[in-house]
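Thanks for coming, everyone. Let me put the structure up, and then we'll walk through it.

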Amino acid sequence: PDLDKVSRELFALKTSGGEEYCGRAVKEAVLNPKWSKKDDVYKAIFVAGNESYTQGNVSFEESSALAKSKGIFVNTIFCGSWQQGAAMQWKKGAEIANGEYANIDQNAQFTDIIAPQDREIAAASARLNETYVPYGQKGKESFELKKDMDMKVQSAPAGAAYERAAYSATKSATYASSQWDLISAIETGSIKRSEIKKENLPEELSKMSDKQLNEYIDQKLKEREITRQNILKLKKERDEFMRKQQESQEKNTLDKKIIEIVRKQAASKGYNFK
């Protein structure tokens, strides 16, 4: 549930080109993570690249068959023409594991669309951050990591900052941060006000009387709810704006391909999308 942790891992990834061992990558992905053994859980691997799918000393046929035996889809996305990717076995790599094969134009130039709501959403996100109260040592560490990720996202395309802000206004984000944020913990009921240990609070709060602390918490809860509703309103407006923009400039991009594939495959597992 901690999307910040996922983001940190993604931001840490580096690449410098070189060979692409797709068979080995799929095998590692099947064997190393702890996959759910439930049949109704959607499990998928995505492989993207622009070289031959057959490179390396691990058979991609065996890797894909292994994934299929564990109920894991293997989806391949070739960066180049559809025919070239199929000839280089990207299509076969997907078919063996009941996955989807797709291609994108790796040389296409795209302009990041700036929505009129982006500035307001960024400001609202900053206000939402002011409602967090780190609780305990884990709270201090997690809050610092959160601030670090906020800085990293600022250098990413506007869409990344928007998605981060929109997620922070959801119940899922509240439950995830309830592990370290006092306000989220109170919202979710994972801690009661009577259970708060002042030694786990930031120094300026630990000196407050019980009445002052309760008033402070009430204020933060109110601020958060108002800000959250504002973000959700702006999200709805931005989504509509982006939908119209994207309809007018249909692009064959990696994110669209992944979303299309995920929706199709997850639906086959009984997932519903609103």
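Start with Ser-125, which lies in helix 6. This is a predicted model, so keep that in mind throughout. Is Ser-125 buried or exposed? Its relative accessible area is 18%, and the cut-off for buried is under 20%, so Ser-125 counts as buried. Now its contacts. Set aside neighbours within four places in sequence, and Ser-125 is in contact with Ala-165 and Ile-231.

Ser-125 also takes us to a pocket. The second largest pocket holds about 370 Å³ of space. It has 18 lining residues, and the closest to its centre are Ala-122, Ser-125, Val-153, Gln-154 and Ala-161. Which helices supply at least two residues each to that lining? They are helix 6, at 118-129, helix 7, at 136-154, and helix 8, at 158-168. Helix 6 gives the most, with 6 residues. By class, the lining of this pocket has 11 nonpolar, 3 polar and 4 charged residues.

Next, the cavity. The count is 1 cavity of 30 Å³ or more. The space in this largest cavity is about 30 Å³. What lines it? Leu-128, Tyr-132, Ser-168, Ala-173, Thr-174, Ser-177, Ser-184, Arg-224 and Arg-228. Two elements give two or more residues to this lining: helix 9, at 171-177, and helix 12, at 210-248. Helix 9 gives the most, with 3 residues. The classes here are 3 nonpolar, 4 polar and 2 charged.

Keep Arg-224 from that lining in view. It brings us to the salt bridges. How many does the structure hold? The total is 20. In general, side chains of opposite charge can pair when their charged atoms come close.

The opening one is Arg-224 with Glu-187, where the closest N and O atoms are 3.0 Å apart. This pair links distant parts of the chain: Arg-224 sits in helix 12, Glu-187 sits in helix 10, residues 182-188, and they are 37 residues apart. Look at the accessibility of each partner. Arg-224 has a relative accessible area of 2%, so it is buried. Glu-187 is at 30%, so it counts as partly exposed.

Now Lys-198 with Asp-210. Their closest N and O atoms are 3.2 Å apart. This is another link between distant parts of the chain, with the residues 12 apart. Lys-198 is in the loop between helix 10 and helix 11, the latter at 203-206, and Asp-210 is in helix 12. Lys-198 is partly exposed at 25%. Asp-210, at 54% relative accessible area, is exposed.

The last pair is Glu-237 with Lys-233, with the closest N and O atoms 2.9 Å apart. Why are these two separated by about one helical turn? Because they are 4 residues apart in helix 12. Both ends have values between the cut-offs. Glu-237 is partly exposed at 32%. Lys-233 is partly exposed at 47%.

Some bridges share partners. Together they join Asp-181, Glu-187, Arg-224, Glu-225 and Arg-228 into one network.

Finally, the cores. In soluble globular proteins, nonpolar side chains tend to be buried together. Here, the largest nonpolar core has 15 residues. Which of them touch the most other members? Val-26, Val-30, Ile-45, Val-47, Tyr-53, Val-74 and Trp-90. At least two residues of this core come from each of helix 2 (22-31), strand 1 (44-49), helix 3 (60-69), strand 2 (73-79) and helix 5 (90-95). Helix 2 has the largest share, 3 residues.

Take Val-74 as an example. What is Val-74 in contact with, leaving aside neighbours within four places in sequence? The list is Val-26, Ile-45, Tyr-53, Ser-64, Ala-67, Gly-93, Ala-94, Ala-97, Gly-99 and Glu-100.

Over to you for discussion.

Technical notes: Residues are numbered from 1 along each chain as its sequence is written. This is a predicted model: local features need pLDDT of at least 70, side-chain atom pairs count only at pLDDT 80 or more; totals for chains, interfaces and linings use all residues. Side-chain values use heavy atoms; hydrogens and water are left out. On a 1 Å grid over the protein atoms alone, a cavity is a set of points where a 1.4 Å probe fits but cannot get out, and a pocket is an open set with protein on both sides within 12 Å along at least five of seven lines; lining residues have an atom within 4 Å of a point. Grid points are joined across faces, edges and corners, and a volume is the space filled by probe spheres set on the points. Ala, Val, Leu, Ile, Met, Phe, Trp, Tyr, Cys and Pro count as nonpolar, Asp, Glu, Lys and Arg as charged, and the others, Gly among them, as polar. Buried means under 20% relative accessible area, exposed over 50%, partly exposed in between (1.4 Å probe, protein chains only). Contact means heavy atoms within 4.5 Å. A nonpolar core is a set of buried Ala, Val, Leu, Ile, Met, Phe, Trp, Tyr and Cys residues joined through side-chain atoms within 4.5 Å. A salt bridge is a side-chain nitrogen of Lys or Arg within 4 Å of a carboxyl oxygen of Asp or Glu.
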